[in-house]
Amino acid sequence: MKWWRQHAACAEEDPELFFPVSSLGPGATQTQRAKQVCAGCPVRTECLHWALETRQQAGVWGGTDEKERAAMLRRLKSLRPVP
Ligand code: SF4
C-alpha cells in the first residue's frame, strides 16, 4: 500500500463516489462531489502523480477525471524532447 493512502481524504467515503458510471447528468454531479473531497485532501499531489504514472483510466484521482488526466498525459508527451 502506498504511504499516502493512509492520509487520503476519501478513506471514509463510499469508493463508488469516485467511479461515476457516466460523465453526464447524475454522473457529472457525482464527479463534482468527488472532486470536492479531493480538493481538501492532503495527499492530492501524490495521488495525481500515481494516477498519471499508472495510467488510471477510470475514476476521479487527485482531483481529476479521466478526460483531464488524458489531456495531461497528451501534453506531457508533446513536451518530451525528440531524440
Ligand atoms: S486526491 Fe482524491 S482520490 Fe486521491 S486520495 Fe485524495 S481524496 Fe482520494
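In the predicted model, K35 touches V60, G63, T64, D65 and E68, when residues up to four places away in sequence are not counted. The contact with E68 includes a polar one, in which the side chain of K35 meets the side chain of E68 at 3.1 Å. K35 itself is found in helix α1, which spans residues 26-39. The relative accessibility of K35 is 15%. Because buried means under 20% relative accessible area, K35 counts as buried.

V60, one of the residues touched by K35, also belongs to the group that surrounds the ligand. This shell is made up of A8, C10, C38, C41, R44, C47, V60 and G62. By residue class, the shell divides into six nonpolar residues, one polar residue and one charged residue. The space that the ligand takes is the largest pocket.

The overall architecture of the protein chain was also examined. Its secondary structure comes to three helices and zero strands, and the pattern read along the sequence is α-α-α. The C-alpha atoms of the protein chain fill a box of roughly 45 × 35 × 20 Å, taken along the principal axes. The protein chain has 83 residues, of which 31% count as buried. Among contacts between residues at least 6 apart in sequence, 44% join residues at least 24 apart.

Conventions:
Residues numbered from 1 in each chain as written. Predicted model: local features only at pLDDT ≥ 70, side-chain atom pairs only at ≥ 80, totals over all residues. Heavy atoms only, no water. Near = heavy atom within 4 Å. 1 Å grid on protein atoms, 1.4 Å probe; cavity = no way out; pocket = protein on both sides within 12 Å on 5 of 7 lines; lining within 4 Å. Sits in = over half its atoms within 2 Å of the grid points. Nonpolar A, V, L, I, M, F, W, Y, C, P; charged D, E, K, R; others polar. Helix = DSSP H or I, 4+ residues; strand = E, 2+ residues; numbered from the N terminus. Buried < 20%, exposed > 50% of the residue type's maximum accessible area, 1.4 Å probe, protein only. Polar contact = N/O pair within 3.5 Å; in protein donor to acceptor, adjacent residues only side chain to side chain. Contact = heavy atoms within 4.5 Å.
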